[in-house]
Amino acid sequence: MSLLEVSDVHAYYGNIHALKGVSLNVNEGEIVTLIGANGAGKTTTLRSISGLMRPRVGWIKFSGDDLAQFKAHELVRRGVAMVPEGRGIFARLTVAENLDMGAYHRSDRSNIKKEMDRVFELFPRLRERRGQVAGTLSGGEQQMLATGRALMSRPKLLLMDEPSMGLAPILVETIFDIIKEINANGTTILLVEQNAHMALQIAHRGYVLQTGEIVLSDSAEALQANAMVQKAYLGIE
Amino acid sequence: MAQALRRIEIDFVDLFLWLFRTAIIILVIWGTVAKVFFGVGTEYSTAAWIDFTIAGIAQGSLYALIALGYTLVYGVLFMINFAHGEFFMSGTMTATVFVAIPLASAGYLDSNPFMSMLAIMLTAMLVSVGIALLTERVAYRPLRRAPRLVPLITAIGASFFWQYFFRGLYGSAVVPFPNIPIFSGTIEIFGLEILRTRLVVMAASIIMLVGLYFFVMRSKTGKAIRAVAEDKDVAALMGVNVDRTIAITFAVGAAMAGAAGILYGLMFGQTHFFMGFVPGIKAFTAAVLGGIGSIPGAALGGLFLGVIEAVGPPLFLEGLGIPGAHQLKDVIAFTMLVLVLIFRPQGIIGERLAEKKA
Ligand SMILES: Nc1ncnc2c1ncn2[C@@H]1O[C@H](COP(=O)(O)OP(=O)(O)O)[C@@H](O)[C@H]1O
Ligand SMILES: [Mg+2]
């Protein structure tokens, strides 16, 4: 049984048919990447999984439970956390308050403190800026904060929506190294990316999404070698 | 051609606004100078000026307490809750009719003034919270995804609904708030004669304002309120029950309004089904003045409005030779509202909150 199963999901924005029967699955311990161009439906897929949107057709199961029965805010308790598109940090809260929000559903203060120390070990920059208002952080630091905040809930499954967006190449390397490290520590990851080059380097498997449909799914190596992927997403002629 | 006409039109509007603002500034300065240096109008003693100021601070701290409700709700929903004045009225009237008056006739109000005051206040706060939660659940929550104008109009409807609901319940006559001997009369502090009610109002308001500030800045629920104010979807992803947090925000604002209502009763000795209207609009003005969405802004806006309403008429309005100047304090409040909305919609100390969602 997979940790996450998405089956034939159709999602709409009013009349816009954004997902046309998306199916995918993520096994425990994997990094699975969902690559696709702008507007393909990657964010819509993650919003459907996290309960911010409801699929009109199809179902999504996490650890075997149908997610239709849960509200968005009940998911984090079950082990799903998300790093939203554009980071979604709370700009007027401090860094420490943002991290606290990540552990909002928990009340065991001493463990929260430990979790925060772990996040600070992963991102030493955040420790230096813990008292600072998050809106004043640089783009890279905000991405670190959004990732650290998601980790504060000790998720089983981490959904990441384009963590490389708008970051300088060196920072992208750093973020992807950290994603690998988070996975090595036992967190399963569904990584949405336009940056297929980087995503396929760290992922075990991948799906290619085109205008709301999965057109390819394979191991990361096979996708890297695929002529269509090379042409459309890796810029190799 | 049309383009050119449009430009000229805008310039006329700008010019008019500039003249309007300048005229008001000149009038205020003129009146003040006339009063201070040429003694136009009644001559007041220093003690009288201090008394005006203290009256203003007391009135202003009530505005501040009510303004919190506008500012908190605006913070999370970007909506002006025009029914907030009715939250203020409903708790006050109910507590007056069912608690304050019976306690007074039983003589308990004289023998146990503090316990009685506590009971009256808690009843008012509870009723205000109940009305607020009901209004939020029935009238506002179903409209959460509607265009912004829709909940605004619904709020005006809710305001009328509650006014006439409570008029039906308690009648249209003034219901006097009982006199509490220990809180009446004056007390001498630093050689100043101060009305005790004003002192009670100021002290209670400060305690509640500070308490609320710490609640919002320090408590877990307060953090959730601030997170919801910034981004509801992301807050939900963190495990925050957004609907419940919004309801709590309404409840907190209404509790402050209910408490303010009892202080109002104490200060003015009367309650009425229409009593929420003017304080509601004044408090809204205070919230806008301080920058709607900001808690310290609501407090400062309230105090500023209260003081300028109390000191303005004897100072610059009398200085301009206007007869019966003290009856014109509402004109000052609403002129300020218009000025702030036109020239500084983010308020005097406020941040540009509206920009993000507007
Ligand atoms: N809020 C919205 N309202 C209407 N259409 C939307 C909305 N969000 C996304 N869409 C449409 O849904 C499709 C998928 O969008 P999205 O999931 O954001 O793509 P991606 O994340 O892959 O860039 C696009 O065609 C987009 O225009
Ligand atoms: Mg996207």
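1. How far is an oxygen atom of ligand 1 from an N or O atom in the side chain of A:Thr44? The separation is 2.4 Å, a polar contact being a pair of N or O atoms within 3.5 Å; within protein, one must be able to donate a hydrogen and the other to accept it, and residues adjacent in sequence count only if both atoms are side-chain atoms. Of the area that ligand 1 exposes when taken alone, 560 Å², the protein buries 62%; accessible areas come from the Shrake-Rupley method with a 1.4 Å probe, and for residues only the protein chains shown count as cover.

2. The model is predicted: local features need pLDDT of at least 70 and side-chain atom pairs count only at pLDDT 80 or more, while totals for chains, interfaces and linings use all residues. Residues are numbered from 1 along each chain as its sequence is written, chains are lettered from A and ligands numbered from 1 in the order in which they are written, and side-chain values use heavy atoms, with hydrogens and water left out.

3. Two further residues make polar approaches to ligand 1. A polar side-chain atom of A:Asn38 lies 3.3 Å from a ligand oxygen atom, and a polar backbone atom of A:Ala40 is 3.2 Å from an oxygen atom of ligand 1.

4. The shell around ligand 1 (residues with a heavy atom within 4 Å of it) includes A:Tyr13, A:Ile16, A:Gly39, A:Lys42 and A:Thr43. By class it has five nonpolar, five polar and one charged residues; Ala, Val, Leu, Ile, Met, Phe, Trp, Tyr, Cys and Pro count as nonpolar, Asp, Glu, Lys and Arg as charged, and the others, Gly among them, as polar. Helix α1 (42-49) and strand β2 (16-26) of chain A each supply at least two shell residues, and α1(A) gives the most, with three. Helices (H or I, at least four residues) and strands (E, at least two) are DSSP runs, numbered from the N terminus.

5. Four strands of chain A form an open antiparallel sheet in the order β2-β1-β4-β5. Strands β2 and β5 (65-66) stand at its edges, each with a single partner strand, so one side of each is left without a neighbour in the sheet. Two strands pair if DSSP finds at least two bridges between them; β1 (residues 4-13) and β4 (residues 57-62) of chain A have five.

6. Strand β3 (residues 31-35) of chain A has five of its five residues buried. A:Ile31, A:Thr33 and A:Ile35 point one way, and A:Val32 and A:Leu34 the other. The strand runs parallel to β8 (residues 188-193) of chain A, joined by five bridges.

Methods: Buried < 20%, exposed > 50% of the residue type's maximum accessible area, 1.4 Å probe, protein only.
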